[in-house]
Amino acid sequence: MKKVSVLGTGSYIPSRVLTNEDLSKFIETTDEWIVSRTGIKERHIVEDENTCDLAYHSALKAIEAAGIDKDEIDLLIVATFTGDNAFPAVANVLQARLGLREIMAFDMNAECSGFAFALVVAEKMLRSLKMNKALLIGAETISKYTDWSDRNTCVLLGDGAGAVVLGEGSGEIIDTNCYSKGDLNKYLYGAGTPLKSPENNVGNTVGNIEMNGREVFKFATRAIPSSVKSILEENNLQSDDIDLYIFHQANLRIIEKAAKDLGIPMDKVFVNIEKYGNTSAASIAIALDEAVRSGKIKRGDKIVTVAFGAGFTWGTSLIEY
Ligand code: ACO
């Protein structure tokens, strides 16, 4: 069967930095509270860019890193819940902006697990369809869904994008799995557009993010260890066969607790949450790119990624880079 590898990675972070100190000027919080509870020191948010802009810049870097011609791309998936418009999809607009051929291009929403879900779909499509290369992007402008007066959520979130080009190469996406558990969706959601009718033609509004932080924490600290254990077991690997673990960058305490429960030393766990906060579907993709570019991942290394998010949803991948 055709092997699908990560050929190149890229990421793009908007330039405006919002430090904990900045936040403490308009909500009741402190740098000490945010760092000790989350590990986040600052996050970046967009000023005049939207999700498609972030996706575009990350895509250019991934295409360059993969060393391919953009005409070779057969599939484009953007994982996001913060598209520029209700329609068309970010991927549709981006296909034209990148000057790609007329290819299949669509968005996927599995909230913070979006990139993990899209990786499964892209990998399976490359293996089974007449497609050779895919461009896969996680991109979010969560700042536009954030209630900037709610200290429970606004301190956690940030904007950004990460991209990968997939195709036949020296490495391999060895295994993946993704799950949804929708009965817990009340613990984390972004309220949608209210219903309209001819009798009730009120304007469209999009609600803010609502979260029960403790329930998300409990779920994530269980989901990461159990999904890492099962993907290792299914592939007859031990935890120290893995060179680097990349967990969704939502909270440093979640990452540290999961690593401790798995007996993994923190020097094998990638962390960049202090710079970006939680960038949702972009989180794993940005981390992957930074790990590659900083030399923490080298060709031939084995990595495990775990994303989790609203729903709840979660997704794991075992990759030989
Ligand atoms: N600054 C100061 N105080 C705060 C802040 C803040 N930014 N936010 C909350 N507090 C207060 C609370 O109001 C509470 O006060 P009270 O005791 O008077 O009611 C107190 O701090 C303690 O709150 P806890 O809920 O006990 O804090 P906890 O240690 O659980 O940490 C946190 C909260 C950081 C949210 C944690 O639960 C967490 O990280 N959960 C996971 C969040 C997550 O990953 N969400 C997913 C991402 S969001 C998305 O998907 C888009």
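**Note on the sheets, helices and loops of this model**

1. In this predicted model, strand β4, residues 75-79, and strand β6, residues 134-140, are joined by five bridges and pair in the parallel sense. As background, strands of a sheet pair through backbone hydrogen bonds, and the pairing is either parallel or antiparallel.

2. Which strands make up the open sheet that holds β4 and β6, and in what order? There are five strands, and reading across the sheet the order is β1-β7-β6-β4-β5. The pairing in this sheet is mixed. Strands β1 (5-12) and β5 (104-108) stand at the edges; each has a single partner strand, so one side of each has no neighbour in the sheet. On average, neighbouring strands here are turned by 15° against each other, with direction ignored.

3. Helices lie across this sheet. Helix α3, made of residues 51-66, lies across β1, β6 and β7 (160-167). The direction of α3 is at about 135° to β1. Helix α10, made of residues 283-293, lies across β1 and β7, and runs at about 105° to β1.

4. In general, two packed helices are described by the angle between their axes and the distance between the axes. For α3 and α4 the angle is about 50° and the axes are 10 Å apart. That angle makes α3 oblique to α4. The crossing of α3 past α4 is right-handed. On the α3 side the contact is made by T51, C52, D53, A55 and Y56, and on the α4 side by V90, V93, L94 and R97. What kinds of residue make up the contact of α3 with α4? Six are nonpolar, one is polar and two are charged.

5. Strands β11 and β12 run parallel and are joined by four bridges; in β12, V304 is the bridge partner of Y245. Strands β12 and β13 run antiparallel and are joined by eight bridges; in β13, G315 is the bridge partner of A307. Is β12 enclosed or open to the outside? Seven of its eight residues are buried, so β12 is largely enclosed by the rest of the structure.

6. The peptide bond from G311 to F312 is cis, with omega near 0°. F312 lies in the loop between β12 (302-309) and β13 (313-320).

7. Another cis peptide bond leads from F87 to P88, and here too omega is near 0°. P88 belongs to the loop between β4 and α4 (90-97).

8. Positive phi values also occur in residues other than glycine. N236 is not a glycine, yet its phi is positive, at about 50°. N236 sits in the loop between α7 (213-234) and β11 (244-247). S280, likewise not a glycine, has a positive phi near 55°, and is found in the loop between α9 (273-276) and α10.

9. Are N236 and S280 buried or exposed? N236 has a relative accessible area of 70% and is exposed. S280 has a relative accessibility of 1% and counts as buried. For reading these values, buried means under 20% relative accessible area and exposed means over 50%.

Terms used. Residues are numbered from 1 along each chain as its sequence is written. This is a predicted model: local features need pLDDT of at least 70, side-chain atom pairs count only at pLDDT 80 or more; totals for chains, interfaces and linings use all residues. Side-chain values use heavy atoms; hydrogens and water are left out. Two strands pair if DSSP finds at least two bridges between them. Helices (H or I, at least four residues) and strands (E, at least two) are DSSP runs, numbered from the N terminus. Axes are lines fitted to C-alpha atoms, for helices over the stretch in contact, and angles run from 0 to 180 degrees between N-to-C directions. Contact means heavy atoms within 4.5 Å. Buried means under 20% relative accessible area, exposed over 50%, partly exposed in between (1.4 Å probe, protein chains only). Angles under 35 degrees count as roughly parallel, over 145 as roughly antiparallel, 65 to 115 as roughly perpendicular and the rest as oblique. A crossing is left-handed if the near helix is turned anticlockwise from the far one by less than a right angle, and right-handed if clockwise. Ala, Val, Leu, Ile, Met, Phe, Trp, Tyr, Cys and Pro count as nonpolar, Asp, Glu, Lys and Arg as charged, and the others, Gly among them, as polar.
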